[in-house]
Amino acid sequence: SNCINNQESFFSDYISRYYLKNYDLITAQETLLYYPVINAIKYGLELRTKCNLYNENKNINIELSYNYTNLKSLEELALLPIVPNSIVIQVPTVEKFSTNENLSLPVGQWAIAGMASINDKKGISSQKILLIKATINK
């Protein structure tokens with residue numbers, strides 16, 4: 001994500017996943033009808049930054065907000081005995097990692113601004129690292 005001096009910038013990389021959240025039950029002519037309620041969950045990365053140059057443009061102050069959401073699982077849950085015929089709903093499980101940082105860097109300097117350890121659906125752990133480089137585009 002690029003910053004313009006004293007302006008906020010935003011970057012996101014999300015995946016939307018739809019799931020069966022619930023059923024609305026409606027009675028019509030003495031018959032129960034089940035209408036599915038679909039919901040969406042967004043998971044991925046959101047990054048907000050605001051940069052300010054100072055010290056005769058030799059340093060950059062970076063205000064950073066970093067949010068990472070991981071969809072761990074989408075489990076099915078049967079509504080029995082309430083609903084016949086094994087009608088199920090889906091229940092998402094998510095992990096969230098957030099950080100707010102205020103970095104002051106010399107131009108050209110790299111910094112680690114955030115890190116998270118995330119386990120995927122198979123239990124494999126991965127590290128998410130956010131690197132920042134303070135540069136000036138001319």
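Me: What joins β3 to β4, and how do the two run?
Reply: They are joined by 19 bridges and run antiparallel. Two strands count as paired if DSSP finds at least two bridges between them, so β3 and β4, with their 19, qualify as a pair. One spot to look at is Asn-61, whose bridge partner in β4 is Ser-104. In general, strands of a sheet pair through backbone hydrogen bonds, either parallel or antiparallel.

Me: What am I looking at, and how are things counted?
Reply: It's a predicted model, where local features need pLDDT of at least 70 and side-chain atom pairs count only at pLDDT 80 or more, while totals for chains, interfaces and linings use all residues. Residues are numbered from 1 along each chain as its sequence is written, and side-chain values use heavy atoms, with hydrogens and water left out.

Me: How many helices and strands does the chain have?
Reply: 0 helices and 6 strands, running β-β-β-β-β-β from the N terminus. Both kinds are DSSP runs numbered from the N terminus: helices are H or I with at least four residues, strands are E with at least two.

Me: What makes β1 and β4 the edges?
Reply: The open sheet has 4 strands in the order β1-β2-β3-β4, with antiparallel pairing. β1 (8-28) and β4 each have a single partner strand, so one side of each lacks a neighbour in the sheet. Ignoring direction, neighbouring strands here are turned by 15° against each other on average.

Me: Why is Cys-51 called buried?
Reply: Buried means under 20% relative accessible area, exposed means over 50%, and partly exposed is in between (1.4 Å probe, protein chains only). Cys-51 comes out at 11%, so it counts as buried. Cys-51 sits in strand β2, and its C-alpha is 7.3 Å from that of Glu-8, 43 residues apart along the chain. Overall, buried residues make up 29% of the 138 in the chain.

Me: Which residues touch the most other members of the largest nonpolar core?
Reply: A nonpolar core is a set of buried Ala, Val, Leu, Ile, Met, Phe, Trp, Tyr and Cys residues joined through side-chain atoms within 4.5 Å. The largest one has 14 residues, and Ile-62, Leu-64, Leu-103, Leu-105, Ala-113, Leu-130 and Ile-132 touch the most other members. β2 (31-54), β3 (59-78), β4 (88-106), β5 and β6 each give two or more residues, with β3 giving the most, 5. There's also a second, separate core of 5 residues, including Tyr-23, Leu-79, Ile-87 and Ile-89.

Me: What forms the nonpolar patch on the surface?
Reply: Trp-110, Ile-112, Ile-129 and Leu-131, with about 450 Å² of accessible area together. β5 (110-119) and β6 (125-133) each supply at least two of the patch residues. Patch residues need over 30% relative accessible area and no salt bridge, with nonpolar side chains (Val, Leu, Ile, Met, Phe, Trp, Tyr) joined within 5 Å and like charges within 9 Å.

Me: What stands out about the phi of Gln-29?
Reply: Phi of Gln-29 is near 50°, positive in a residue other than glycine. Most residues other than glycine have a negative phi. Gln-29 lies in the loop between β1 and β2 and, with 78% relative accessible area, is exposed. Glu-56 has a positive phi too, near 55°. Glu-56 is in the loop between β2 and β3, and at 72% it is exposed.

How values were computed: Areas by Shrake-Rupley, 256 points an atom, 1.4 Å probe, with all protein chains shown as cover. Salt bridge = Lys/Arg side-chain N within 4 Å of Asp/Glu carboxyl O. Axes fitted to C-alpha atoms, helices over the stretch in contact; angles between N-to-C directions.
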